[in-house]
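Dear colleague,

Please find below the structure that I am handing over to you. My notes on it follow directly after.

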Amino acid sequence: MTERIRTVVALCVMAVSLGVTVASLAADHPSDANRVEALAQRLKCPVCASESIANSPSSLARDLYDLIAEQVADGWTDYEIVNFFVATYGEQVRLDPPIDARTVALWLVPALGLAVGAGVILRRRSRVATRPLSEEERRRLLSATGPGGDDA
């Protein structure tokens with residue numbers, strides 16, 4: 001099997017695995033307790049430095065955690081709960097900022113870096129694979145494998 005076919009097969013396996021993972025996560029309906037925990041992980045404690053409500057040891061965070069649980073039990077959507085906290089404590093209460101004009105660089109720079117890195121790796125691989133051996137490399141290869149080295 002050539003290296004190109006192995007690379008294509010590996011990419012297909014990774015794409016299918018990613019698709020199955022995303023589909024299973026999208027189809028999974030979280031319980032109320034999971035929703036409360038997820039929301040508390042996404043919202044920052046107003047009195048702690050960069051701690052989520054779920055991870056903060058402060059009494060205010062515990063009260064806010066209970067408030068989130070009450071809102072979930074009352075049927076509030078995640079969007080409504082997050083908007084309530086943003087309206088009460090400001091935009092800085094979000095630990096994962098939304099995509100807008102102010103934060104677009106935060107979301108695009110990692111993806112751009114990944115795309116550039118993948119492009120550099122693919123370019124280097126194609127350059128190495130198509131470059132013919134120099135006379136010196138050919139001579140060293142023959143001396144390493146011997147006169148019948150490619151018969152194995």
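Is Tyr89 buried, partly exposed or exposed? Tyr89 is partly exposed, because its relative accessible area is 28%; buried means under 20% relative accessible area, exposed over 50%, and partly exposed in between, with a 1.4 Å probe and protein chains only.

Some conventions come first. This is a predicted model, in which local features need pLDDT of at least 70 and side-chain atom pairs count only at pLDDT 80 or more, while totals for chains, interfaces and linings use all residues. Residues are numbered from 1 along each chain as its sequence is written, and side-chain values use heavy atoms, with hydrogens and water left out. Helices are DSSP runs of H or I with at least four residues, numbered from the N terminus.

Aromatic residues

Rings of Phe, Tyr and Trp (for Trp, the six-membered ring) pair if their centres lie within 6.5 Å; planes under 30 degrees apart count as stacked, over 60 as edge-to-face and the rest as tilted. By this rule there are 3 aromatic pairs. One of them joins Trp76 and Phe84: the ring centres are 5.8 Å apart and the planes stand at 85 degrees, so this pair is edge-to-face. Phe85 and Tyr89 form a stacked pair, with 6.2 Å from centre to centre and 25 degrees between the planes. These two residues are 4 places apart in helix 4 (residues 78-89), which means that about one helical turn separates them. In general, an α-helix has 3.6 residues a turn, so residues three or four places apart point the same way. Ring pairs link Trp76, Phe84, Phe85 and Tyr89 into a cluster.

Another ring has a charge over it, which requires NZ of Lys or CZ of Arg within 6 Å of the ring centre and within 35 degrees of the ring normal. The charged end of Arg62 sits over the ring of Tyr65, at 5.2 Å from its centre.

Helix packing

Two packed helices are described by the angle between their axes and the distance between the axes. Here the axes are lines fitted to C-alpha atoms over the stretch in contact, and angles run from 0 to 180 degrees between N-to-C directions. Angles under 35 degrees count as roughly parallel, over 145 as roughly antiparallel, 65 to 115 as roughly perpendicular and the rest as oblique. A crossing is left-handed if the near helix is turned anticlockwise from the far one by less than a right angle, and right-handed if clockwise. Contact means heavy atoms within 4.5 Å.

The axes of helix 2 (residues 32-42) and helix 3 (residues 59-73) come within 9 Å and cross at roughly 135 degrees. Helix 2 is therefore oblique to helix 3. In this contact, helix 2 contributes Asp32, Arg35, Val36, Glu37, Leu39 and Ala40, and helix 3 contributes Tyr65, Ile68, Ala69 and Val72. The crossing is right-handed.

Helix 3 packs with helix 4 at about 140 degrees, with the axes 11 Å apart. Helix 3 is thus oblique to helix 4. Leu64, Leu67, Ile68, Gln71 and Val72 of helix 3 make the contact with Ile81, Phe84, Phe85 and Tyr89 of helix 4. This crossing is right-handed.

Helix 2 and helix 4 pack at an angle of about 35 degrees, their axes being 11 Å apart. Arg35, Leu39 and Arg42 in helix 2 meet Asp78, Ile81 and Val82 in helix 4, and the crossing is right-handed.

Ile53 lies in the loop between helix 2 and helix 3 and counts as buried at 0% relative accessibility. Leaving aside neighbours within four places in sequence, Ile53 has contacts that include Leu64, Tyr65, Ile68 and Phe85. Ile53 and Leu64 are 11 residues apart in sequence and 7.1 Å apart in space, C-alpha to C-alpha. Ser52 is found in the loop between helix 2 and helix 3 and is buried at 4% relative accessibility.

His29, in the loop between helix 1 (3-27) and helix 2, counts as exposed at 71% relative accessibility. Helix 6 (residues 135-145) is hardly covered, with a count of 0 buried residues among its 11 residues. Gly146 follows helix 6 and has a positive phi, near 80 degrees.

Yours sincerely
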